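Let's take a walk through this structure together, one part at a time. Have the sequence and the model side by side as you read.

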Amino acid sequence: MALRFIGIDPDTGQQGSPTVWVDEENRELVLQGWKPDERLEAECAAFEVPGHAPGIPPHEAVIRIPARMVPMLREACDVAERAGL
């Protein structure tokens, strides 16, 4: 795996570390974030979009990252786009 580190939550401290990477080999953005509480996960699981089954498949997860990390997400998208991923 060729992970390219983009950034970590600047307010991380010692209580977690939401992080953004770009996986150039698998052509994916990789995000580490906080687990949702039961209410948020249930709300996400109940959300319906035409052509998409409701629920969260066992191989997927809902995560939360702080909005202050938007610049890192933009950078990760730019890196992926420039690399032709």
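**Starting at the sheet**

Leu 3 has Asp 23 of strand E2 as its bridge partner. Before we go on, please note that this is a predicted model, in which local features need pLDDT of at least 70 and side-chain atom pairs count only at pLDDT 80 or more, while totals for chains, interfaces and linings use all residues. Residues are numbered from 1 along each chain as its sequence is written, and side-chain values use heavy atoms, with hydrogens and water left out.

Two strands pair if DSSP finds at least two bridges between them. Strand E1, residues 3-8, pairs with E2 in the antiparallel sense, over five bridges. Another of the bridges to E2 links Arg 4 with Val 22.

On to the next pairing. E2 and strand E3 (residues 28-32) run antiparallel and are joined by five bridges; in one of them, Val 20 has Leu 31 of E3 as its partner. E2 and E3 form a hairpin with four residues between them. In that turn, Arg 27 has a positive phi of about 60 degrees.

Put together, the three strands make an open sheet in the order E1-E2-E3, with antiparallel pairing. Which strands stand at the edges? They are E1 and E3, each with a single partner strand, so one side of each is left without a neighbour in the sheet. From one strand to the next, the twist averages 20 degrees. Helix H2 packs on this sheet and touches E1, E2 and E3, where contact means heavy atoms within 4.5 Å. The direction of H2 makes about 160 degrees with that of E1; axes are lines fitted to C-alpha atoms, for helices over the stretch in contact, and angles run from 0 to 180 degrees between N-to-C directions.

**Into the interior**

Now look at how covered E2 is. Five of its five residues are buried, a word that stands for under 20% relative accessible area, with exposed meaning over 50% and partly exposed in between (1.4 Å probe, protein chains only). In a regular strand the side chains alternate between the two faces of the sheet. Thr 19, Trp 21 and Asp 23 point one way from E2, while Val 20 and Val 22 point the other way.

Val 20 and Val 22 also belong to the largest nonpolar core, together with Ile 6, Met 69, Met 72, Ala 76, Val 79 and Ala 80, eight residues in all. Such a core is a set of buried Ala, Val, Leu, Ile, Met, Phe, Trp, Tyr and Cys residues joined through side-chain atoms within 4.5 Å. Strand E2 (19-23) and helix H2 (70-82) are the elements that give two or more residues to this core, and H2 gives the most, with four. As for Ala 80, leaving aside residues up to four places away in sequence, this residue touches Val 22, Leu 29 and Leu 85.

**Charged links**

The structure holds four salt bridges, each a side-chain nitrogen of Lys or Arg within 4 Å of a carboxyl oxygen of Asp or Glu. One of them joins the side chains of Glu 24 and Arg 4 (3.2 Å, N to O). Glu 24 lies in the loop between E2 and E3 and Arg 4 in strand E1, so the pair ties together parts that are 20 residues apart in sequence. Glu 24 is partly exposed, at 30% relative accessibility, and Arg 4 is partly exposed at 40%.

Another salt bridge brings together Arg 68 and Asp 9 (2.6 Å, N to O). Since Arg 68 lies in the loop between helix H1 (38-46) and H2, and Asp 9 in the loop between E1 and E2, this pair ties together parts that are 59 residues apart in sequence. Asp 9 is buried, with a relative accessible area of 2%. Arg 68 also meets Asp 11 in a salt bridge (3.4 Å, N to O). Through shared partners, salt bridges join Asp 9, Asp 11 and Arg 68 into one network.

**The cysteines**

How many disulfides are there, counting pairs of cysteine sulfur atoms within 2.5 Å? The count comes to zero. Cys 44 is in no disulfide, and the nearest cysteine sulfur, that of Cys 77, is 19 Å away.

Methods: A disulfide is a pair of cysteine sulfur atoms within 2.5 Å.
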